[in-house]
Amino acid sequence: MNTIPLEWIIVAGAVVIALLALAAWFFSQKKKQSVRLQHRFGPEYGRTVGELGGRTKAESELKAREKRVEYLTITPLAPADAARFSQAWSALQGRFVDNPKGVVVQADQLVRELMLKRGYPMADFEHRAADISVDHPTVVANYRAAQAIAARDERGEADTEELRKAVVHYRVLFDEMLEVGEAKQEVLSAKQKAVHA
């Protein structure tokens, strides 16, 4: 009768324990990654899971977005640029009553110009939205909603109230993207102090 040497049993047990520990570590890391991505992307995480049909594909897509945006040079605006964009937006809003359809198109163009100035590439809409979602996940839904209304408007299916909502959605994204460097904050603080003095 052949018996298995005790040393082999001990080695086999150690290998099984090591494999179980490795599997536990792997699943723990996967869970941490999922939690990190959910936290970073917020609602965009759920939208991506739904769109791609599962967590694994969605998490791969979200990590690819992070990696792609990591290589971009996204910069805050200079104070003069921020002021120019803010004035352009104010003028745009003032034209809404007279030309709601035109203002939606102009709002989209102004947002694109702002994104380009900040360093985002101007690829197709889905690519732009994906890039924005990395640093601005809470407002990318506004961008998607504005684009959906603009598309309905191109087909002649959007009414004035929907166009107003599109401009509001663009404005939320615009305000979020209108990040400026510390110099702008110092200028704004100085202006506020001068006004209150």
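Buried means under 20% relative accessible area. By that cut-off Arg 65, at 3% relative accessibility, counts as buried. The legends below describe close-up views of a predicted model.

Figure 1. The predicted model contains 9 helices and 0 strands. Read from the N terminus, the order of elements is α-α-α-α-α-α-α-α-α. The protein has 197 residues, of which 32% count as buried. When contacts between residues at least 6 apart in sequence are considered, 64% of them join residues at least 24 apart.

**Figure 2. Arg 65 and Glu 61 in helix α3.** The two side chains form a salt bridge, with an N to O distance of 2.9 Å. Both residues belong to helix α3 and are 4 residues apart, about one turn of the helix. Arg 65 is buried because its relative accessibility is 3%, whereas Glu 61, at 26%, counts as partly exposed. Arg 65 and Glu 61 also belong to a network of salt bridges that includes Glu 44, Arg 47, Glu 51, Glu 126 and Arg 144.

Figure 3. A search of the whole structure gives 19 salt bridges. One of them joins the side chains of Glu 66 and Arg 40, at 2.9 Å from N to O. This pair links distant parts of the chain: Glu 66 lies in helix α3 (residues 55–70) and Arg 40 in helix α1, 26 residues apart. Glu 66 counts as buried at 11% relative accessibility, and Arg 40 counts as partly exposed at 31%.

Figure 4. Glu 162 pairs with Arg 152 in a salt bridge whose closest N and O atoms are 2.9 Å apart. Here too distant parts of the chain are linked, with Glu 162 in helix α8 (residues 160–177) and Arg 152 in helix α7 (residues 140–154), 10 residues apart. Arg 152 has a relative accessibility of 26% and so counts as partly exposed.

**Figure 5. Packing of helices α4 and α5.** Helix α4 (residues 79–94) packs with α5 at an angle of about 170°, and their axes are 10 Å apart. The angle makes α4 roughly antiparallel to α5. On the α4 side, the residues that meet α5 are Asp 81, Arg 84, Phe 85, Ala 88, Trp 89 and Leu 92. Their counterparts in α5 are Val 103, Gln 106, Ala 107, Leu 110, Glu 113, Leu 114 and Lys 117.

**Figure 6. Phe 96 in the loop between α4 and α5.** Phe 96 sits in the loop that lies between these two helices. Its relative accessibility is 15%, so Phe 96 counts as buried. Apart from neighbours within four places in sequence, Phe 96 contacts Val 103, Thr 160, Leu 163, Arg 164 and Val 167. Phe 96 and Arg 164 are 68 residues apart in sequence, and their C-alpha atoms are 8.0 Å apart in space.

**Figure 7. Asp 108 in helix α5.** Asp 108 is part of helix α5 (residues 100–118). With a relative accessible area of 11%, Asp 108 is buried. Leaving out residues up to four places away in sequence, Asp 108 touches Tyr 143, Gln 147 and Tyr 170.

**Figure 8. Tyr 120 in the loop between α5 and α6.** Tyr 120 is located in the loop that runs between α5 and α6 (125–135). Tyr 120 counts as buried because its relative accessibility is 1%. Not counting residues up to four places away in sequence, Tyr 120 touches Ile 74, Met 115, Asp 131, Ile 132, Asp 135, His 136 and Met 177. Tyr 120 and Leu 72 are 48 residues apart in sequence, with a C-alpha to C-alpha distance of 7.1 Å.

**Figure 9. A nonpolar patch on the surface.** Val 11, Val 15, Leu 19, Leu 22, Trp 25, Phe 26 and Phe 27 make up this patch, and together they have about 770 Å² of accessible area. Phe 27 belongs to helix α1 (residues 6–41). At a relative accessible area of 57%, Phe 27 is exposed.

Definitions and conventions. Residues are numbered from 1 along each chain as its sequence is written. This is a predicted model: local features need pLDDT of at least 70, side-chain atom pairs count only at pLDDT 80 or more; totals for chains, interfaces and linings use all residues. Side-chain values use heavy atoms; hydrogens and water are left out. Buried means under 20% relative accessible area, exposed over 50%, partly exposed in between (1.4 Å probe, protein chains only). Contact means heavy atoms within 4.5 Å. Patches are made of residues with over 30% relative accessible area and no salt bridge: like charges are joined within 9 Å, nonpolar side chains (Val, Leu, Ile, Met, Phe, Trp, Tyr) within 5 Å. Accessible areas come from the Shrake-Rupley method with a 1.4 Å probe; for residues, only the protein chains shown count as cover. A salt bridge is a side-chain nitrogen of Lys or Arg within 4 Å of a carboxyl oxygen of Asp or Glu. Axes are lines fitted to C-alpha atoms, for helices over the stretch in contact, and angles run from 0 to 180 degrees between N-to-C directions. Angles under 35 degrees count as roughly parallel, over 145 as roughly antiparallel, 65 to 115 as roughly perpendicular and the rest as oblique.
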